[in-house]
Amino acid sequence: MNAYRILLAGNPNVGKSTVFNALTGLKQHTGNWSGKTVDLACGTFCCDGVSVTVTDLPGTYSVISNSAEEEIARNAILFEPSDLVLVVADATCLARNLNLLLQIREIAPSVALCVNLMDEAERKGIAVDLAQLEQALRIPVIGISAHRKRDLSRLKHWLTHLLPDMPMSDPSPPFFYPKPIEDAMVRLASYLPPSDFSERVLPLKALDNPAIAAQLLDALSIGNRERCAFLSAVQTERDALSAQGISPVHLRDMVVESIVATSNRIAAAHTRVRTPASHTYKWDKILTSRRFGILIMLGFLGLLLWITVCGANLPSQLLFSLFEGFTPYLSAFWNFLHLPPFFASLLTDGVYHTVSWVTAVMLPPMAIFFPLFTLLEDLGFLPRLAFNMDRCFCSAGTCGKQALTMCMGLGCNAVGVTGCRIFSSERERLAAMITNCFIPCNGRFSMLITLSSLFLGTALLPSAQSLVSALFILCFILIGTAVTLGVTKLFTLCFFREDPVGFSLELPPFRKPKIGETLLCSLVDRTVKILVRAIRVSAPAGAVIWLMANITVCGESILQLCAGFLDPFARLMGMDGIILLAFLLALPANEIVLPIILMGYLSVGTFTDMASTAAIGSLLTQNGWDIGTAVCVMLFSLLHFPCGTTLLTLYKESGSIRWMFLGFLIPTACAVLVCMICNGIFSLLV
Amino acid sequence: MPVTLASTSLGERVYIHCLTATGTMRRRLLDLGFTPGNSIVPLYRSPLGDPTAYAVMGTVIALRRADAETVLVVPHQEEARS
């Protein structure tokens, strides 16, 4: 069977991920905002006896590098071996999409265009002439509506017929750069071996970006002497252009201007607008209005939290009793295997209990909150949040896009850190990466919900328990946001003092989310995957903590010794040694903090019946917890160091151990400081 | 006489005359459709006063005041490309 590789490129928000999912049968979540796809996803499909591997590039407006994700897309196109770059475009704003297509056509040997959202364009009265477009661009073109199954199978067949005898795109370009640049390119091309493709891209890149040209030369395996001759000619041409007033920055601007002008011309010539758009932007005006904008956003988040708190309680109880009811069978099974009591206890009290608590505490809130949040995301809520919040982030030295990476952090901080590639400036990117952990990821989120409903909701206003706990969680998220802003401000002041860079953000049209599909996808993909990870980490952690609690040195268990050592310091922060130890031991995954605390208390106490959330509450109260302790623990959990995975991601993304250490130290310092102050206030009050 | 995009009022259709920004922001604006001759309508502002959302080339793009000041616009299409 013939195997081919294609790269999928396109502007943000044109349905690229929908096309990718439909082609490969994968379920990558598609969000209605730019920056959703930050990592290169890869999948394969077979059709008509041809196997095609598809790589989904991040959505970008350009590949003439302005941000980390554009660089990723450009490098993939230039250096990853592929048979075709398929550019997905939005039929409703073709001109802007053709800009990216023409940029890619300049650097990729074979390109095809897939015009998506044809039906939406039709509804808006826009007609695209695909045949004429194909002629003007001199590449294969197909028009589809990605949510129609029929269109997608048409696309598959089209691709599988196109790929086996895919012609190189016509080497003569559909447009020219200003004369001095074209002349320099022609002169430079004479230093290169004749080839259809590289004789245009290499001189252009050499004039614009010598580092990339050097990499391209490596890939072409050009002899050392020719290489030196070419590079010295490049220097001469660059100097000559500078002498004519075309500096490197100016040159890049001119290149982009030529491409933009061409794409405007082609789009205007081959699309017809029958009825001019009459959009009222009514919902946008309400969501961003001066009076209600912020309130509505808070209201939505509060509502989501309230539904989560209300809904999580019952399934949580059910899971607790289910797991508890299963324990006798487990003991019987160990007996049947003739397991020594030590191992039986290790497996039941250590591994099984930890895993079941993690599941019972984590699963219900996650299974409710995240699908609902995904719905808001699909609707197009997040870009409006970024729009409304930009002013705050601007005064902290970054931009509204940080609200987007924070929302990604709400799912998982490691994903949030990777998501920071959407920033175009290094300063904004590092600041957002280091402060991402101030937003509780789902590992900490469920603990916040449990503690809030156990200690704050019931204690303060039992009649409206869930509402109060939801409000408190909202407060904690706001505290996290405030700390994010403060730390970002300090960070940008300390490390980067350069002038702010420009900011632009697309506000995509609201799209009706496919409710059933989204809920199912989110439940299966996010919830189950995260739960599996939590179980994988908590099972060995349960064993370790049980061993620590049951191996004694000089009459005291290792757990008690460690906790005793940490205790005086922890008391200053309104916690105790066991709690602090739990936070330290939970470095691999934040999900297991609460189970470790419970295990620690159980190993010294006599409390054994753990069949409900309320039982957790009474165990904690027995061990000296009050509202103050709960608030301090929640604050510490909100602000403390990120988990191991996030730290590793931070190292990988920033490329320096220094930022990883700062990413550990800054949050830890914040957590210690805030908890000490909070504890001080509580001890004054009581 | 061209004025900056930041000084236009909401709902008023204008045409882009030229961009005064250079480098990354200039290319970004061009990529997003802020090219001379294109029409542009300021739609709504953020609750905190900045940024402002503009309808340009069939999409909605938010720009801050400082960046909108680098876009020069004119009230009629005929003047835009002069």
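User: How many helices and strands does chain A have, and how many does chain B have?

Analyst: In this predicted model, chain A has 28 helices and 11 strands, while chain B has 3 helices and 6 strands. Read along the sequence, the elements of chain B follow the pattern β-β-α-β-β-β-α-β-α.

User: What does the radius of gyration say about chain A?

Analyst: The general idea is to set the radius over C-alpha atoms beside the value that a globule rule gives for the number of residues. For chain A the radius of gyration is 29 Å, close to the 26 Å that the rule gives for 686 residues, so chain A is as compact as a globular protein of that length. Its C-alpha atoms fill a box of roughly 85 × 60 × 50 Å along the principal axes.

User: And what does the radius of gyration say about chain B?

Analyst: Chain B has 82 residues, for which a compact globule would have a radius near 12 Å, and the 11 Å of chain B agrees with that. The C-alpha atoms of chain B fill a box of roughly 35 × 30 × 25 Å, again taken along the principal axes.

User: What share of the contacts joins residues at least 24 apart in sequence?

Analyst: Among contacts between residues at least 6 apart in sequence, 74% in chain A join residues at least 24 apart, and in chain B the corresponding figure is 61%.

User: Which strands make up the open sheet of 7 strands, and in what order?

Analyst: Strands of a sheet pair through backbone hydrogen bonds, in either a parallel or an antiparallel sense. Here the order is β9(A)-β5(B)-β4(B)-β3(B)-β2(B)-β6(B)-β1(B), with antiparallel pairing, and the sheet takes strands from both chains. At the edges stand β9 (504-506) of chain A and β1 (3-4) of chain B, each with a single partner strand, so one side of each is left without a neighbour in the sheet. Within this sheet, β4 (residues 52-56) and β5 (residues 59-63) of chain B run antiparallel and are joined by 5 bridges, with A53(B) standing opposite A62(B) in β5(B).

User: Why is β3(A) described as largely enclosed, and which strands pair with this strand?

Analyst: The reason is that 7 of the 7 residues of β3(A) are buried, so the strand is largely enclosed by the rest of the structure. Both faces are covered, with V50(A), V52(A), V54(A) and D56(A) buried on one side and S51(A), T53(A) and T55(A) buried on the other. Strand β1 (residues 2-10) of chain A runs parallel to β3(A) and is joined to it by 7 bridges, whereas β2(A) and β3(A) pair in the antiparallel sense, also over 7 bridges.

Analyst: Most residues other than glycine have a negative phi, and most peptide bonds are trans. D48(A) has a phi near 50 degrees and lies in the turn of the hairpin that β2(A) and β3(A) form with 2 residues between them; at 43% relative accessibility, D48(A) counts as partly exposed. L117(A) has a positive phi of about 60 degrees and sits in the loop between β5 (111-116) and α4 (118-123) of chain A, but L117(A) is buried, with a relative accessible area of 10%. In chain B, the peptide bond from D50(B) to P51(B) is cis, with omega near 0 degrees, and P51(B) is placed in the loop between β3 (39-45) and β4.

Technical notes
Residues are numbered from 1 along each chain as its sequence is written. Chains are lettered from A and ligands numbered from 1 in the order in which they are written. This is a predicted model: local features need pLDDT of at least 70, side-chain atom pairs count only at pLDDT 80 or more; totals for chains, interfaces and linings use all residues. Side-chain values use heavy atoms; hydrogens and water are left out. Helices (H or I, at least four residues) and strands (E, at least two) are DSSP runs, numbered from the N terminus. The radius of gyration is taken over C-alpha atoms; the globule rule is 2.2 Å times the number of residues to the power 0.38. Contact means heavy atoms within 4.5 Å. Two strands pair if DSSP finds at least two bridges between them. Buried means under 20% relative accessible area, exposed over 50%, partly exposed in between (1.4 Å probe, protein chains only).
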